[in-house]
Amino acid sequence: MMQRRTLLRHAVASVAGLPLAAIALEAPAGPVVLTISGRVRSPNRGPSAEFDMAMLERLPQQSFSTHTPWYAQPRKFTGPLLREVLAAAGAEGTTLRARALNDYWVDLPFDDAQRHDPILARLLDDKPMAVRDKGPLFVIYPFDSRPELRGAVYYSRSAWQLRKIDVL
């Protein structure tokens, strides 16, 4: 039922020529794993957009393998593009403040989501990411796709154990 509503929402937005964010975001049915707050136009709980894992799974999924500073070998990451998650929330801003479970935070430019195709990884090597493996969500850039992404600036913008994004 929930998947049918999501598909219907996509179809209505497409036929009407509206951005996906112009259609109301469904409420999470399971435990909330991500909250997007701040400048969001499609909130589903108070002023925020909340997502459970099933909502993130229903967005188009991307996968890539990449070398990282945190693993000895290249690893495969899978999840929705960060820009798709932001669009679902109707997010508009200049900065994204990514907050982790331990309250660590990092700012990344909003336009990184468009320019560099980072994903909100929910799978590591095709398996759900445990907290001890930097999960359940990890903003990760495709470091091996372009030389400019292989460096401290973009490594520092990757936020693991993500729980919240403040759109500034």
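Where is the place of S158 in the chain? I found S158 in the loop between α5 (152-157) and β11. Helices and strands here are DSSP runs numbered from the N terminus, helices being H or I with at least four residues and strands E with at least two.

**Entry 1: ground rules**

I am working with a predicted model, in which local features need pLDDT of at least 70 and side-chain atom pairs count only at pLDDT 80 or more, while totals for chains, interfaces and linings use all residues. Residues are numbered from 1 along each chain as its sequence is written, and side-chain values use heavy atoms, with hydrogens and water left out.

**Entry 2: S158**

Buried means under 20% relative accessible area, exposed over 50%, and partly exposed in between, with a 1.4 Å probe and protein chains only. I then listed what S158 touches, leaving out residues up to four places away in sequence: W70, F138, V139, I140, Y141 and F143. Contact means heavy atoms within 4.5 Å.

**Entry 3: the chain as a whole**

I counted five helices and 11 strands in the chain. Of its 168 residues, 46% are buried. I noted an accessible surface of about 8,200 Å², with 55% of it belonging to carbon and sulfur atoms; the areas come from the Shrake-Rupley method with a 1.4 Å probe, and for residues only the protein chains shown count as cover. Among contacts with a separation of 6 or more, 58% are between residues 24 or more positions apart.

**Entry 4: the sheet**

I traced an open sheet of five strands in the order β2-β1-β11-β5-β6, with mixed pairing. Two strands pair if DSSP finds at least two bridges between them. The edges are β2 (49-52) and β6 (105-109); each has a single partner strand, so one side of each is left without a neighbour in the sheet. Neighbouring strands of this sheet are turned by 20° against each other on average, direction ignored. For angles, axes are lines fitted to C-alpha atoms, for helices over the stretch in contact, and the range is 0 to 180 degrees between N-to-C directions.

I went through the pairs next. β1 and β2 are antiparallel, with four bridges, and I36 has A49 in β2 as its bridge partner. β1 runs parallel to β11 (residues 162-167), also joined by four bridges; there T35 has K164 in β11 as its bridge partner. β5 (residues 95-100) pairs with β6 in the antiparallel sense over five bridges, and R99 stands opposite W105 in β6. On β1 itself, I noted that five of its seven residues are buried, so this strand is largely enclosed by the rest of the structure.

**Entry 5: the nonpolar core**

Which residues have the most contacts inside the largest nonpolar core? I found L34, I36, F51, F77 and L162, in a core of 43 residues. The largest share of this core, five residues, comes from α3. A nonpolar core is a set of buried Ala, Val, Leu, Ile, Met, Phe, Trp, Tyr and Cys residues joined through side-chain atoms within 4.5 Å. I looked up L162 in particular: not counting residues up to four places away in sequence, L162 touches V33, L34, A98, R99, A100, L120, L137 and V139.

**Entry 6: salt bridges**

How many salt bridges does the structure hold? I have 16, each being a side-chain nitrogen of Lys or Arg within 4 Å of a carboxyl oxygen of Asp or Glu.

I took R58 and E26 to begin with; their closest N and O atoms are 2.4 Å apart. R58 lies in helix α2 (residues 53-58) and E26 in the loop between α1 (2-16) and β1 (32-38), so the pair ties together parts that are 32 residues apart in sequence. R58 is partly exposed at 25%, whereas E26 counts as buried at 13%.

R41 and E92 also meet in a salt bridge, at 3.3 Å from N to O. R41 sits in the loop between β1 and β2 and E92 in the loop between α3 (82-89) and β5, so this pair ties together parts that are 51 residues apart in sequence. R41 is partly exposed at 47%, and E92 is partly exposed at 39%.

A further salt bridge joins E148 and R146, at 3.9 Å from N to O. E148 is partly exposed at 45%, and R146 is partly exposed at 25%. I also noted that D111, D112, R115 and R157 are joined into one network by salt bridges that share partners.
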